[in-house]
Amino acid sequence: MLDTALRYTMLTRDMDKTIERTSKDPIVDRETQYYQENIRSIKSIDDFMDNDRIYRYAMKAMGLEDMIYAKGLVRDVLEQGITDPTSYANRLQDKRYKELATAFNFETYGSTATSFDRAQQDVVDAYVLQTLELNEGQDNEGVRLALYFKRKAPELTNTYEILADQALYAVVRTAIGMPEAMVGGDVDAQAKYIESRLDLEILKDPEELDKFLTKFTNLYDVQNNISIAPTLSLFQNSGSGVNPDVLLKVNSLKFGG
């Protein structure tokens, strides 16, 4: 298995080609063709729920593949939509449900909901990215986390969104060196700690985001005993292993400050 930093760099060096390769996978291509050929015929929530291939494709695209079985909840989310601030989609901490209700906004647009790009090409694009991340995660969870963070980070508006998302949280707490004693503790204290070490605004800058993820992937390899990335070989002692003093200094870096 390639180390996390190297594999992530290989994938993101030319992301367009990586996405194209994923989209041409026979299974992905077959399911995408079916979705594109049939999504326009979905005119209601019942149509959406009853067409198993469309339903599963959409759920995977939204990152909700593990919730495919929860049809009652999904129906409630779609029926209540996003217009009412008290609807399920707006009240649930998990933003994936609001993304689903936005893409398939039957509550507002009725039978024309699937005629918009957000229910067509946007869903296809999301499905391909989800497939890429899931496939990479089978070999190296760190690569999946890095790809997911790269996709989601520019949209972050506050630290509580990080704390509410286990994958984002895993990346940030690794990269900023959050003490284990804080993990799972007081939410406000964790939010303040993250804010003291990471300026979310820098994540909107592609170069700064890449720097952040370079640090994460390198530290992930060390913490999980994955073969040391070439960049970390510079930090080694004359003996074996990585100099803990150097890692401590790396962990102490504040991003965006």
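Predicted model: local features only at pLDDT ≥ 70, side-chain atom pairs only at ≥ 80, totals over all residues.
Student: At what angle do the axes of helix 1 and helix 15 cross?
Tutor: Helix 1 spans residues 4-12 and helix 15 spans residues 206-223. Their axes come within 8 Å and cross at roughly 145°.

Student: Which residues of helix 1 make the contact with helix 15?
Tutor: Helix 15 contributes Asp210, Leu213, Thr217, Asn218, Tyr220 and Asp221. By class, the contact has four nonpolar, three polar and two charged residues. On the side of helix 1, the residues are Thr4, Ala5 and Tyr8.

Student: Why is the pair of Tyr57 and Tyr127 classed as stacked?
Tutor: Planes under 30 degrees apart count as stacked. The ring centres of Tyr57 and Tyr127 are 3.7 Å apart and the planes lie at 10°, so the pair is stacked.

Student: How many residues apart in sequence are the parts that the pair of Tyr57 and Tyr127 ties together?
Tutor: Tyr57 belongs to helix 5 (residues 52-61), whereas Tyr127 belongs to helix 10 (residues 121-139). The pair therefore joins parts whose separation in sequence is 70 residues.

Student: Is Tyr57 buried or exposed?
Tutor: Buried means under 20% relative accessible area. Tyr57 has 3% relative accessibility and therefore counts as buried.

Note on methods: Residues numbered from 1 in each chain as written. Heavy atoms only, no water. Axes fitted to C-alpha atoms, helices over the stretch in contact; angles between N-to-C directions. Helix = DSSP H or I, 4+ residues; strand = E, 2+ residues; numbered from the N terminus. Contact = heavy atoms within 4.5 Å. Nonpolar A, V, L, I, M, F, W, Y, C, P; charged D, E, K, R; others polar. Phe/Tyr/Trp six-rings, centres within 6.5 Å; stacked < 30°, edge-to-face > 60°. Buried < 20%, exposed > 50% of the residue type's maximum accessible area, 1.4 Å probe, protein only.
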